[in-house]
Amino acid sequence: MAMTAAVKDELSRVTVTKSCCRKAEVSALLRFAEACAERANAATRGKNPQILENLAWVQFRQGNRPTAIQSQQQAIDCATGEDEQERLRAVLASMKSGKLL
């Protein structure tokens, strides 16, 4: 299923009342977000720290901590400014501890 404007519009109007349905919805959104982040990362040849950080965040939320830590480290390696590297390192430390800032 493509995430066309019509599909997005239809999904935005659905009322979810059961927690199991909410979990399924969040899971689907995370899979979609991961696919978007992976495509963006491929398009930038793995050189954009913001995209890599987004990818790491999604991977972490999906429970794939080792891959998330690897992606976050790549983001640090690509970052150019010291402030940005410091912020990314803080997020990496939180990922390693099992909690995301």
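Pro 66 is exposed, at a relative accessible area of 62%, where exposed means over 50%, buried under 20% and partly exposed in between, with a 1.4 Å probe and protein chains only. Welcome to a short tour of this chain, which is a predicted model: local features need pLDDT of at least 70, side-chain atom pairs count only at pLDDT 80 or more, and totals for chains, interfaces and linings use all residues. Residues are numbered from 1 along each chain as its sequence is written, and side-chain values use heavy atoms, with hydrogens and water left out.

**The chain as a whole**

- The chain has five helices and zero strands; helices (H or I, at least four residues) and strands (E, at least two) are DSSP runs, numbered from the N terminus.
- Read from the N terminus on, the elements run α-α-α-α-α.
- Along the principal axes, the C-alpha atoms fill a box of roughly 45 × 30 × 20 Å.
- Of the 101 residues in the chain, 29% are buried.
- Taking contacts (heavy atoms within 4.5 Å) between residues at least 6 apart in sequence, 45% join residues at least 24 apart.

**Helix 2 against helix 3**

- Two packed helices are described by the angle between their axes and the distance between the axes.
- Helix 2 and helix 3 have axes that come within 9 Å and cross at roughly 150°; axes are lines fitted to C-alpha atoms, for helices over the stretch in contact, and angles run from 0 to 180 degrees between N-to-C directions.
- The two helices are therefore roughly antiparallel to each other, on a scale where angles under 35 degrees count as roughly parallel, over 145 as roughly antiparallel, 65 to 115 as roughly perpendicular and the rest as oblique.
- Helix 2 passes helix 3 in a left-handed crossing, a term used if the near helix is turned anticlockwise from the far one by less than a right angle, with clockwise being right-handed.
- From helix 2, the residues that meet helix 3 are Leu 30, Ala 33, Glu 34, Ala 37, Glu 38, Ala 40 and Asn 41; their partners in helix 3 are Ile 51, Leu 52, Leu 55, Trp 57, Val 58, Gln 59 and Arg 61.
- By class, the contact of helix 2 with helix 3 divides into nine nonpolar, two polar and three charged residues; Ala, Val, Leu, Ile, Met, Phe, Trp, Tyr, Cys and Pro count as nonpolar, Asp, Glu, Lys and Arg as charged, and the others, Gly among them, as polar.

- Glu 34 is found in helix 2 and counts as buried, at 18% relative accessibility.
- Leaving out residues up to four places away in sequence, Glu 34 touches Leu 55, Val 58, Gln 59 and Gln 62.
- The side chains of Glu 34 and Gln 62 make a polar contact (3.5 Å), meaning a pair of N or O atoms within 3.5 Å; within protein, one must be able to donate a hydrogen and the other to accept it, and residues adjacent in sequence count only if both atoms are side-chain atoms.
- Glu 34 and Gln 62 are 28 residues apart along the chain, with 9.3 Å between their C-alpha atoms.
- Asn 41 also has its place in helix 2, which spans residues 19-43, and Asn 41 is buried, with a relative accessible area of 15%.
- Beyond residues up to four places away in sequence, Asn 41 touches Gly 46, Ile 51, Leu 52 and Leu 55.

**The loop between helix 2 and helix 3**

- Arg 45 lies in this loop and is exposed, at 72% relative accessibility.
- Most residues other than glycine have a negative phi.
- Phi of Arg 45 is near 55°, a positive value in a residue other than glycine.

**Helix 3 against helix 4**

- Helix 3 (residues 49-61) and helix 4 (residues 65-78) pack at an angle of about 165°, with axes 8 Å apart.
- That makes helix 3 roughly antiparallel to helix 4.
- The crossing of helix 3 and helix 4 is left-handed.
- On the helix 3 side, the contact residues include Pro 49, Leu 52, Leu 55 and Phe 60; on the helix 4 side, they include Arg 65, Ala 68, Ala 75 and Cys 78.
- This contact of helix 3 with helix 4 has eight nonpolar, five polar and two charged residues.

**Helix 4 and helix 5**

- Pro 66 is found in helix 4, and its C-alpha atom is separated by 35 Å from that of Asp 9, 57 residues apart along the chain.
- Gln 85 sits in helix 5 (residues 82-96) and counts as buried, at 15% relative accessibility.
- Not counting residues up to four places away in sequence, Gln 85 touches Ile 76 and Ala 79.
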